[in-house]
Amino acid sequence: MFKKILSVGGWTLVSRLTGFIRDVVIAAVMGVGPVADAFFVAFRIPNHFRAIFGEGAFNNAFLPAYAQVLETGGEKAAKSFAGRIVTLMLIVQIGLLVAAFLAMPGVVRLLAPGFSEDPAKFDLAVSLTRITFPYLLLITIVTIYSAILNAHDRFWAAAAAPVLLNVAMIAALAVVFLFPNAGYAAAWGVTVSGALQLVLVWWETKRALASPGIERPRMDRPMKTFFKALGPAVIGSAGVQLAIFADTIIASFLPTGAVSSLYYADRLYQLPLGVIGIAAGTVLLPEMSRRIASGDEAGAYAAQNRTIGLTLALAAPFLVAFLLMPDLIMSALFQRGAFDAEAARRSGAVLAAYGLGLPAAVLIRSAVSSFYARSDTATPLIASLTAVGVNVVVKILLMDTYGVVGLALGTAIGVWVNLALLFALAYRRGWTAPNRSLGGTCLAIVAASVLLAIFTWFAPAPLEGWTALLPVWRNEILLGALGLAGALIYGGVLLAGLKAMGVRLARR
């Protein structure tokens, strides 16, 4: 199981690294001006809908149902079930695409109302969103094929597909002179990447002999199970996206650059979230679904505890870094070209606020597996909507005082509320069972994190005296030196702590 997590996490890391290169290119070309704000809204809108109808709701409803059909009915029945789902999703997505294309000014006005005060930025956002919106249809089909591959224990293609998004956008920005501006180049890169990702996962499902065809929908027990789970899952995913919508809506009223600051900070926040949290949840859900379907609940709980321990161990250094040196991180990674020191400072403050919610954010995918593995999508819905309500209220309360940082603080508080509700409800039902090994792991992580925080607090001052003598790359070399030394300190203390407590993150 851990090899699978590392495989998914490894490809996700490649995706995040190429995404970082993409963002460095975007920052250098667009900076935090009106073109960047318009593009990021155009990029976010189809991604919001994708998270609602695609990766979020669909995957959580489809994968347990598909795993159950595969376990009880075999390959032929599973392929038929998947074919009917593909057909239905195509019909829905084509209808949504046509409606959104026609109503795009209203969509942009709804999600970024502040842009209406700047007609040029508003018109650009509408044009760019019309270009990026077909990405939703393509990536939804990618999600179906990815779920099928995950159910067959094939993870690499689905994890590698996002790399193509980054490569396509970088390639488009490399020939920006062929487009009216950089926003158009990046937007076309997004849509082309959707087609490339679809080709990749389709090819891998063909190799796995699991590729579904187009099949006329008909209702049977697996389809009823799927739709029963899909409804609450869609509402739950929509609730999470409403909180992110709130960021975009509120930020559109703040001074120019607020949307961009959120984007750059969120990209770094998404690094541990994607490489660690989502990778762990991607592997854990089919693992728990299969074990629960076969009656091995003890094995499901053990897998969940090991995954939670590994997730926290890998995420803790990011938490320390985001809280104690956010300005250095943003300066070293993005401060060049149109992205100046003030933009780095503003984005660093947002990153620190996001970091407060990182432990909860990386654990949510592991926590919801307790429910989705049993096809219970209603309970996560309740937890999600409650957290969203808290999230939005906090954003509104903090907006005037803290500006864009207040939006990130609202997100952090919301994810903690979500995780607390999920864990409490699962524990009350006996659907999760933390053990002594997990407790020992958490103690070792806390000890290692405290020592890492002490090092991170005191080490920069003497190192800055040395890097100040360098002609170039001062911040980059300082960040690299701190990161390498910090990794050695954290890793050594963590391993010693685990050994002292007799804890092993992996099974024998």
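Before the first helix pair, a word on axes, which are lines fitted to C-alpha atoms, for helices over the stretch in contact, with angles running from 0 to 180 degrees between N-to-C directions. Helices themselves are DSSP runs (H or I, at least four residues), numbered from the N terminus.

What you see above is a predicted model, in which local features need pLDDT of at least 70 and side-chain atom pairs count only at pLDDT 80 or more, while totals for chains, interfaces and linings use all residues. Residues are numbered from 1 along each chain as its sequence is written, and side-chain values use heavy atoms, with hydrogens and water left out.

Let me start with helix 11 (residues 326-334) and helix 12 (residues 341-355), whose axes come within 8 Å and cross at roughly 130°. That angle makes helix 11 oblique to helix 12, given that angles under 35 degrees count as roughly parallel, over 145 as roughly antiparallel, 65 to 115 as roughly perpendicular and the rest as oblique. The crossing of helix 11 over helix 12 is right-handed, meaning that the near helix is turned clockwise from the far one by less than a right angle, with anticlockwise being left-handed. On the helix 11 side the contact (heavy atoms within 4.5 Å) involves Pro326, Asp327, Ile329, Met330 and Ser331, and on the helix 12 side Ala344, Arg345, Ser347, Gly348, Ala349, Leu351 and Ala352. By class, these residues are seven nonpolar, three polar and two charged, where Ala, Val, Leu, Ile, Met, Phe, Trp, Tyr, Cys and Pro count as nonpolar, Asp, Glu, Lys and Arg as charged, and the others, Gly among them, as polar.

Helix 12 also packs against helix 9 (residues 258-293), with axes that come within 8 Å and cross at roughly 45°, and these two helices are therefore oblique to each other. This crossing too is right-handed. Here Ser261, Leu262, Tyr264, Ala265, Asp266, Leu268 and Tyr269 of helix 9 meet Arg346, Ser347, Val350, Leu351 and Tyr354 of helix 12, a set that divides into eight nonpolar, two polar and two charged residues.

How do helix 13 and helix 15 pack? Helix 15 covers residues 404-429, and the pair packs at an angle of about 30° with axes 9 Å apart, so helix 13 and helix 15 are roughly parallel to each other. Helix 13 passes helix 15 in a left-handed crossing.

Within helix 13 (residues 358-372) sits Ser369, which at 1% relative accessibility counts as buried, buried being under 20% relative accessible area, exposed over 50% and partly exposed in between, with a 1.4 Å probe and protein chains only. Leaving aside neighbours within four places in sequence, Ser369 contacts Gly281, Leu284, Leu285 and Met288.

Not counting residues up to four places away in sequence, Ala65 touches Phe81, Pro222 and Phe226, and its C-alpha atom is separated by 8.2 Å from that of Met223, which is 158 residues apart along the chain.
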